[in-house]
Amino acid sequence: MNLATEPDRRAWVMQVMGLPVSVHLRGPWVRTDPVAERVERVFAELGEVDAVFSTYRPESVLGRLGGALPDPATAEPVVREVVGLCELARIRTDGWFDARRLPLPGGGTGFDPSGLVKGWAVERAARHLADLPDHDLCLNAGGDVLLRTAPGRPAWRVGVEDPDHPERMLDVVERAGGAVATSGTARRGAHIVDPRAGRPAEAVRSVTVVGPELLWADVYATAAAARGADALDWLATLDGYAALLVDAAGRVRATPNWPGTWATHTCTA
Amino acid sequence: MRRITLWLLSTVAVLVLLFSYKTSTMGPGGESGAVAAGGSDGVVANPGSATDSSGSGSASGGTVTGSVAQTRWGPVQVRITVSGGKITDVQAVRVPDGNRRDQEINGYAVPVLRQEALAAQSAQIDTVSGATVTSDGYRESLQSAIDAAHLN
C-alpha cells in the first residue's frame, strides 16, 4: 500500500435529516479552512431542507400541511419544485413511486415526498463542492452515494452491502461520477409501500441502482422495491441506469449493464 | 490497520460472493451461501497485529486459516497468506474429493477462488451503498469504520 502516491483524503460526518451523512474529499486542499467551510455549507443546507420538508417535524412546511398536497399557487419555490419532481417520478415509474398516499409519521396517509427529497437535497447541496478543481467527492447519505472525480483520478470504489450480512459486500462497483442508491427492507423492515396494494412491499430484499443522478437512482430503487418481482426487467429499460437486485428468497440478479462483477458471474454459470 | 481491515473484509466478501454464487444455482430452496474464509473477525485479527514502520512492508504478515465452509460439494477451507499488508497467496487446505463433482470444484472453483482473493487485495472500498442506515445503526456499520479512518 503506497500511501505516498495517493492524494490527501479527509472525511466529515454529521447526523442530518435523521441520517448519518459523510462527505469524503480527496485532493490537495482538504485540510484548508475554505474547503472545510464549503463542507459546512453542505451540511447546513441539508439541515435547512429538513426544516422545510421533514414529515417528522410538526413545525416544518410539510408537517404543518399534515399530508395535504402543497398548493402550487402559494407554496414556496423549493416546495413547488419538489412537488413537480414527485409527479415526474410517479410518471417515470409507472406509478410505483407515488408520494401522494403514503403512511405519515403521525398516522394516516397523505403526501410525503421524503423518498425523493433526500436525493434531491444531496445533489443540490453538493453544488457547494462543485467548483473545487483537483478534488474528488464521495458523499454518502444513509447508504445513498453521490460521486465525482477530477480528470485523471482513480474512480471511487463503492461496496454494495449484502442485505443479510451488512458487514459483507455483495459486489464492488468503480464509479468516477454519478450515483449509487440502495433501497430495500434490510435495515428498516418493510417501510416501502406498494402504492397499488397499499401494503408494505416485501418481495425485494434490496435493490441497488447505479446511474448519472442520485435523485433518479434513489427514486428508481424505491420504485423497484415497491414493484417487486418484475422490477429487474423494468430497471433494464431505464436509459443510463443499471441495477443489482436481491429478492426475498435471497436470489441475486443484475441488469445486463451492471458495472460490478455479479453480471459476469451470472454469465459463466 | 484500518485499511488492512477493510480490504480483508472485502476479500472475505469476494470469497463469499464466489461460493454464494455457486450455491445460488440451486435456487431459493437451497442452502445459504457458504463463507469460505471464516468470520471476518478472525481474518482481521492476525495481520492487524503487526505494524510497518520500516517501510519494507515485511512486518505485516502471517497466515490466516478460515473456518470450514459447507459448500454444495462438501467442506472447503482456505488459508490466506498476508505479507507486507497484501494477500500473497490463497490455498485451499481442505477440499472435497471422491467424485466427479468434487474434481470440478478442485479443478475449477479453487483456482478461481485463489485468483479472486489475490485480486481482492486491490478491492479496498471507499464507501458502502446499502438500505438506508439509521443513526442508530451507523455506529456498527462498515461505513462508520471507513469514515473513522479518514476523520483526522
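Student: How are E1(A) and E2(A) joined, and in which sense do they run?

Tutor: Strands of a sheet pair through backbone hydrogen bonds, either parallel or antiparallel. In this predicted model, E1(A) and E2(A) run antiparallel and are joined by eight bridges. One of the pairs to look at is Val16(A), whose bridge partner in E2(A) is Leu19(A).

Student: Which residue in the hairpin of E1(A) and E2(A) takes a positive phi?

Tutor: Most residues other than glycine have a negative phi, and most peptide bonds are trans. The hairpin has two residues between its strands, and Met17(A) there takes a positive phi near 55 degrees.

Student: What phi do Asp94(A) and Asp134(A) have?

Tutor: Asp94(A), not a glycine, has a positive phi of about 55 degrees. Its place is the loop between H3 and strand E3 (102–103) of chain A. Asp134(A) is not a glycine either, and its phi is positive at about 70 degrees. Asp134(A) sits in the loop between H4 and E5 of chain A.

Student: Why does Asp94(A) count as exposed, and why does Asp134(A) count as partly exposed?

Tutor: Count the C-beta atoms within 10 Å: 12 or fewer means exposed, 20 or more means buried, and partly exposed is in between. Asp94(A) has 11 such neighbours, so it counts as exposed. Asp134(A) has 13 and therefore counts as partly exposed.

Student: Where does Pro34(A) lie, and is Pro34(A) buried or exposed?

Tutor: Pro34(A) belongs to helix H1 (residues 33–53) of chain A. Pro34(A) counts as exposed because it has 8 C-beta neighbours inside 10 Å. As for its distance to Gly250(A), the two C-alpha atoms are separated by 46 Å, and the residues are 216 residues apart along the chain.

Student: Back to the strands. What is the order of the open sheet?

Tutor: Its eight strands follow the order E1-E2-E5-E6-E9-E12-E13-E14 in chain A, with antiparallel pairing. At the edges stand strand E1 (9–16) and strand E14 (252–254) of chain A; each has a single partner strand, so one side of each is left without a neighbour in the sheet. On average, neighbouring strands of this sheet are turned by 10 degrees against each other, direction ignored.

Student: How many bridges pair E9 with E12 of chain A?

Tutor: Six bridges pair strand E9 (residues 178–184) with strand E12 (residues 204–211) of chain A, in the antiparallel sense. Gly184(A) has Ser206(A) in E12(A) as its bridge partner.

Student: Which helix of chain B packs on the sheet?

Tutor: Helix H5 (residues 142–150) of chain B does, touching E1, strand E2 (19–26) and strand E5 (136–141) of chain A. The direction of this helix makes about 130 degrees with that of E1(A).

Student: At what angle do H3 and H4 of chain A pack?

Tutor: Two packed helices are described by the angle between their axes and the distance between the axes. Helix H3 (residues 77–92) and helix H4 (residues 114–125) of chain A pack at about 115 degrees, with their axes 10 Å apart. H3(A) and H4(A) are therefore roughly perpendicular to each other. The crossing in which H3(A) passes H4(A) is right-handed. On the H3(A) side, Val82(A), Leu85(A), Cys86(A) and Ala89(A) meet Leu116(A), Val117(A) and Trp120(A) in H4(A).

Student: Which residues of the largest nonpolar core touch the most other members?

Tutor: This core has 83 residues, and those touching the most other members are Val209(A), Ala217(A), Tyr220(A), Ala224(A) and Ala243(A). Helix H5 (residues 214–227) of chain A gives the largest share of the core, 11 residues. Beyond its neighbours within four places in sequence, Ala217(A) has contacts that include Ala179(A), Val209(A) and Tyr241(A).

Key: Residues numbered from 1 in each chain as written. Chains lettered and ligands numbered in written order. Predicted model: local features only at pLDDT ≥ 70, side-chain atom pairs only at ≥ 80, totals over all residues. Core = buried A, V, L, I, M, F, W, Y, C linked by C-beta atoms within 7 Å. Helix = DSSP H or I, 4+ residues; strand = E, 2+ residues; numbered from the N terminus. Contact = placed C-beta atoms within 7 Å. Pairing = 2+ DSSP bridges. Axes fitted to C-alpha atoms, helices over the stretch in contact; angles between N-to-C directions. Parallel < 35°, antiparallel > 145°, perpendicular 65-115°, else oblique. Left-handed = near helix turned anticlockwise from the far one by under 90°.
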